[in-house]
Amino acid sequence: MNYLPINIDLKNQPVLVFGAGEVAVRKIKLLLKAGAKITCIGLKISGDIIELGKHQSIQIKVSDLSQSKHPYLNGAYISQFRLVVSATDNHALSERIYQVCQQNHVLINTVDDKARCNYITPAIIDRDPLIISVSSGGAAPVLVKRIKTMLETDLPHRLGQLAQKADSLRASVKKVFTQFSQRKRFWESFFSSSHASDILQGRSSEDNDTIIKQFQSNKTPQGEVALVGAGPGDPELLTVKALQCLQKADVVLYDRLVSPEIIELIRKDATLIPVGKSAGHHSVPQEQINQWLVDHAKQGKQVVRLKGGDPFVFGRGGEELQTLKQHQIKFQIVPGITAAVGCSAYAGIPLTHRDFAQNVLFVTGHCKDSIDTYDWPSLAREQQTIAVYMGLMKSAHLSEQLIKHGKSPETPVALIENGTSVQQRVFTTILSDLSQTIDQHKVSSPTLIVIGEVAALANELAWFDPNSVNHSQPLELLTKTA
Ligand code: SAH
């Protein structure tokens, strides 16, 4: 190990910064966050430092350090400081500063000059009071940056609040649970409990006494259900929140439309229950799905109900939540990118366009009642885009009715099969040829049908090449943190 990571308490501690330019500003801002008392010496003081100095504890000294026996460049002066940061752009000066610090055993960091550092600062993921630092000892800064981005994305935003809550519980927990093993059990269940989840979701949490009493009485706190939209297929279109839910789930009930790459991202020891809902396929009855959701949550599990696209767009998400509400089970909803939005983007079709369409209709070809209940005259109106979900089986009827109600038979139509995935296929045609195109190319489900002038733009704006997709790298990074 080349460097030992330590956390230093710099509250009200004197820190000396040489240099007063842009780099120095960055360092000073960080040091101020840690509560340090800063002395900044430079010849040209940047406006930012002067501004910072108006409100915070910075002493600014304007001085030309290049003279050989400068009073600030001697051991007696420098030894008053806990740390030194050297951020000048003058090599000879940096070397002199470094030498004085070394001779006087003062810790110095010369920015971007590893050879003149006896300490280095890591990359920081700040969920105060929880601080995660990442360092490669200067060997691979770009790798460090990637890891930092990964952790930033992956770690819930309110982790700091959770750490604060734990801190506020510490004294009482120690008093109530006298043995170490009891305390360990408490903390392990606390961090996976619904109390922790309340805090991470930004909901108000129970008071400390109630939490401790609940653990003492050994009552399993009820679990909760997250209704999560998985997006249209490409796993990188998952939201950060969806990924977090998948990685902490105990049980996941998922639809047939959810792509295998997304299933791969689920926590490895979670129970997976395929419920296979999709139009025209055998599926688990809705009542059974509702019952499973309720049962698992009552057992204290973190349950994810994972649906393709967005759970509230032709997904019966509303019906499932009504059951949970009746049973007083906590739930949250994580929206996903719905097929109309995702597939049209990956086919190069803008759903609205100032020249062609001022509104968009999301329509299903598979509804409780017959599609003849549709308001055909308003569907057939010009200057709008219709995105048809589950429309393959009714395509002939759809084009016939639209044409009958005044839509031009020449209206452009796009068929997007398996949109956003590596199997994506896009066909453009016209309304009168819709069914024939489906038959000719054996277009199958899931397919989104886009009807309207904008559909023709797929020929001009297509950009997504399924053959060149390499999902392995980002997915590898994501799953490693699971
Ligand atoms: N809740 C989902 C829709 C469920 S209905 C959402 O918001 O996207 C299922 C229909 O959605 C499919 O029959 C198809 O019309 C459409 N669909 C979903 N994913 C798709 C995909 N990757 N490519 C094309 N169409 C898709």
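Which residues does Ser344 touch, not counting residues up to four places away in sequence? They are Ala339, Ile349, Leu351 and Ile416, where contact means heavy atoms within 4.5 Å. This is a predicted model, in which local features need pLDDT of at least 70, side-chain atom pairs count only at pLDDT 80 or more, and totals for chains, interfaces and linings use all residues. Residues are numbered from 1 along each chain as its sequence is written, and side-chain values use heavy atoms, with hydrogens and water left out.

**View 1. Ser344 in helix α14.** Helix α14 spans residues 339-347 and contains Ser344. Helices (H or I, at least four residues) and strands (E, at least two) are DSSP runs, numbered from the N terminus. Ser344 counts as buried because its relative accessibility is 2%; buried means under 20% relative accessible area, exposed over 50%, and partly exposed in between (1.4 Å probe, protein chains only). The side chain of Ser344 reaches the backbone oxygen of Ala340 at 2.4 Å.

View 2. Strands pair if DSSP finds at least two bridges between them. β8 and β11 run parallel and are joined by six bridges, with Glu224 opposite Gln302. Strand β9 (residues 251-254) also pairs with β11 in the parallel sense, over four bridges, and Tyr254 stands opposite Leu306.

View 3. Rolling a probe the size of a water molecule over the atoms shows where empty space is left. On a 1 Å grid over the protein atoms alone, a cavity is a set of points where a 1.4 Å probe fits but cannot get out, and a pocket is an open set with protein on both sides within 12 Å along at least five of seven lines; lining residues have an atom within 4 Å of a point. Grid points are joined across faces, edges and corners, and a volume is the space filled by probe spheres set on the points.

**View 4. The largest pocket.** The largest pocket holds about 2,100 Å³ of space. Its lining has 47 residues, of which Leu30, Thr121, Pro122, Ala123 and Ile124 lie nearest its centre. Helix α5 gives the largest share of the lining, six residues.

View 5. Most residues other than glycine have a negative phi, and most peptide bonds are trans. A cis peptide bond joins Asp128 and Pro129, with omega about 10 degrees; Pro129 is in the loop between β6 and β7. The bond from Ser445 to Pro446 is also cis, with omega near 0 degrees. Gln383 is not a glycine, yet has a positive phi of about 60 degrees. Gln383 lies in the loop between α15 (376-379) and β14 (384-389) and counts as partly exposed at 38% relative accessibility.

Technical notes: A polar contact is a pair of N or O atoms within 3.5 Å; within protein, one must be able to donate a hydrogen and the other to accept it, and residues adjacent in sequence count only if both atoms are side-chain atoms.
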